[in-house]
Structures are given as structure tokens and as C-alpha cells.
Amino acid sequence: MGLALGTFEFGSALSARRVFELLDTFHDLGGRVLDTAPTYGPTASGPRAEQLIGRWLATTGARMYTVTKAGLAPARPGQADLRPEQLIRSAEQSAQRLGAPPAALVLHRDDPAVPVGEVADALQHLIDTGTIQAAGASNWTTARLHAWCTHSAGAGRTGPRITQPLWSLARRTAPCPEPWLTEADPEHLAFAEQYGLTVMPYRTLAAGYLADRHSGRHHAHHTTTYDTLGNAGRRVRLRAAARRLGISGTALALAYLRSATRAHVVPVIGPTSIRQLTSVMTDTGRAGRLSPDLCAHLAGNEA
């Protein structure tokens, strides 16, 4: 299917029972990629997402490509902690909670003050010891990713395999809230294609702005981040095209991301019900790859 199941609410807004139902359904429908982090599923007693995934993996024996993260303190969402010892400790703890080495460790934020060589050496150590299988970065600029690739090539290190930018059909307002989040742009996508990085975008439905239905709990975020005439036009075109194709607007918005670049794209989704999950996976599979003309129509040229 080429979709990743996001787990931010696993164990917090979603009970353990619902989590296991979602994981069962995702796996049964062909889903094989999980996106998590040691900070996901926040509760008063601590985050629970990785722990619940580990329990499910141990119980079912399912083989999944699990992507987790490191380098973020929840109290400081705009800052990173890329000290090598901290990255190594975080990865080892994630592997213990998951019950197996994660397929990839993604750096949750960047700190340009930390030399990229120090970060690359720490991640190479984790790969060499079998703690992780691959590495990547979330919210890293194209320039920093390029520096990482250049360093790794010159030092005989394993470079990044994944980039996780914020990306959806809708465009954020400028200046935008959460300026520490890096959004995909044509340069970033071209870089990913050139270096063979998998693009795993998050907030792929603009925090629900592009969804067919949403609870309204992100209304304030929509107002500050996505409420523009351009985005309203994109949403109208998206829903009209989805009706013509006989699929959901949600699925078409995801198919757009997989079709708007030649890089390999695995959008992260965050359904909270079995109905939502089944619908989006089924419809996204039916949508296939969109034509360049349809992608251009959906994106439009409004600001």
C-alpha cells in the first residue's frame, strides 16, 4: 500500500484494545510500516506507544518495518538533543521497548550547532552494533541532509535513508506557527530523489484540514496555519476530483503525495477507527498513481 501507520495517540487518546485492533487491521490490509517515537502516546505515567507496539509484535509475531525517533525532549519541541551518548541511549531504550531493533532511527529535530560528523558517527555505531538497521532525519533542511550525505560518502559511513518533512497538499501560512518544523519543497523532494531517500511525510492531511470529516479539535490550528483562500480552493478541487473518481478525498490527498514526485513516498496516516483505516487504505490502493495533469490541477497556483 505504501502507507505508514502513525502512532502518536497510541496509549493516550487510544486505548490498548483500540491500538491492537488498529494494528491487526493495518497488517491484515497489507500495511507493513509503523511510525513511532519514544515520546508518542503521552500519559501521566509516561509515553506508551513503543511499549504497546512491542507487546503487539511479541504477541502476533508480525514482521513490520518500524521507524522510531530520537533527539527530542517533549518540553522543548523546537529544540534537539543530538549528543551522541543521548542518541545511543535513546535508540537502545527504544529497541528494548519494541522488543527488536527498529528498522530505522530518525532524528526528530536538528541542531545545526552539532557537527554532522558527530551525529553520523553515533548513528553508524548503532548500525554497526545492530541496534538499528538504518537512519534518517525529520525536520532537517535540505542543506543539512546534503552535508550528512557528503560527510558519510567521504568517511565511508552509511548516510540517511529516510527524510520526514511536514508535507500535504495544503500549504502553511507564512510566517507559520511551529517554525522549527521543516516543510517539503521542490528542492527537498528533488534531493530525496537524487540520493534515493524515502520520503515519509507527516501531517499529510494538514492536521485534518483536508480530511473528508474531522472532529474539530484542530480548528484553532487550521485557522492559524491553513485557513487561506488558496487552501480553500485546493480543498474544493480535491473533493470534486475525489467524487469523480469515486474515492474519498482523504485517499486522493495521499495519492497526490505519492504522485507529485519521483522520489519514493510513504505517507504517514493517523486514523483512530477501524472504519477510517479500512477506508483510507482501500481507497488509496484504488487511486493508484495520479497523472501529472491531475496533480497540477489539485495543487493549483494560489498562494
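Guide: What follows is a set of questions and answers about this chain, which is a predicted model.

Visitor: In what order do the eight strands of the open sheet lie?

Guide: The eight strands make an open sheet in which the pairing is parallel.

Visitor: Which residue of β8 stands opposite alanine 4?

Guide: Strand β1, residues 4–6, runs parallel to β8 and is joined to it by two bridges. In this pairing the residue of β8 that stands opposite alanine 4 is valine 268.

Visitor: Which residue in β5 is the bridge partner of leucine 107?

Guide: β4 and β5 run parallel and are joined by three bridges. From β5, Ala135 and Ala137 point one way while Gly136 and Ser138 point the other way, and all are buried. The bridge partner of leucine 107 in β5 is alanine 137.

Visitor: Is threonine 198 buried or exposed?

Guide: Threonine 198 is found in strand β7, residues 198–199. Not counting residues up to four places away in sequence, threonine 198 touches Arg161, Ile162, Thr163, His264 and Val266. Because its relative accessible area is 19%, and the cut-off lies at under 20%, threonine 198 counts as buried.

Visitor: Why do the buried residues of α5 lie on the same side of the helix?

Guide: In α5, the residues Thr142, Arg144, Leu145, Trp148, Cys149 and Ser152 are buried. On the other side of α5, Ala143 and Gly154 are exposed.

Visitor: Which elements do the buried residues of α5 pack against?

Guide: α5 has 14 residues and reaches 20 Å from its first C-alpha to its last, close to the 20 Å expected at 1.5 Å a residue. After α5 comes glycine 156, whose phi is positive, near 70 degrees. The elements that the buried residues of α5 pack against are β4 (104–107), α4, β5 (135–138), β6 and α6.

Visitor: With which residues is tryptophan 148 in contact, leaving aside its neighbours within four places in sequence?

Guide: Tryptophan 148 is one of the buried residues of α5, and it is also among those that touch the most other members of the largest nonpolar core. Leaving aside its neighbours within four places in sequence, tryptophan 148 is in contact with Leu107, Val116, Ala120, Leu123, Ala135, Gly136, Ala137, Trp140, Thr158, Gly159 and Pro160.

Visitor: How many residues apart are aspartate 121 and arginine 157?

Guide: The side chains of aspartate 121 and arginine 157 meet in a salt bridge, at 3.2 Å from N to O. This pair links distant parts of the chain, with aspartate 121 in helix α4 (residues 116–128) and arginine 157 in the loop between α5 (142–155) and β6 (162–164), so that the separation is 36 residues. Aspartate 121 is partly exposed, and arginine 157 likewise counts as partly exposed, each with a relative accessibility of 35%.

Visitor: Is arginine 262 buried or exposed?

Guide: A salt bridge of 3.3 Å, N to O, is formed by the side chains of arginine 262 and glutamate 193. It links distant parts of the chain, since arginine 262 is in the loop between α9 (249–259) and β8 (268–269), whereas glutamate 193 is in helix α6 (residues 186–195). At 33% relative accessibility, glutamate 193 counts as partly exposed, whereas arginine 262, with a relative accessible area of 69%, is exposed.

Visitor: By about how much of the helix are aspartate 283 and arginine 286 separated?

Guide: Aspartate 283 forms a salt bridge with arginine 286, the closest N and O atoms being 3.2 Å apart. Aspartate 283 is buried, with a relative accessible area of 10%, whereas arginine 286 counts as exposed at 52%. Because they are three residues apart in helix α10 (residues 274–287), aspartate 283 and arginine 286 are separated by about one helical turn.

Definitions and conventions
Residues numbered from 1 in each chain as written. Predicted model: local features only at pLDDT ≥ 70, side-chain atom pairs only at ≥ 80, totals over all residues. Heavy atoms only, no water. Helix = DSSP H or I, 4+ residues; strand = E, 2+ residues; numbered from the N terminus. Buried < 20%, exposed > 50% of the residue type's maximum accessible area, 1.4 Å probe, protein only. Contact = heavy atoms within 4.5 Å. Salt bridge = Lys/Arg side-chain N within 4 Å of Asp/Glu carboxyl O. Expected span 1.5 Å × (residues − 1). Pairing = 2+ DSSP bridges. Core = buried A, V, L, I, M, F, W, Y, C linked by side-chain atoms within 4.5 Å.
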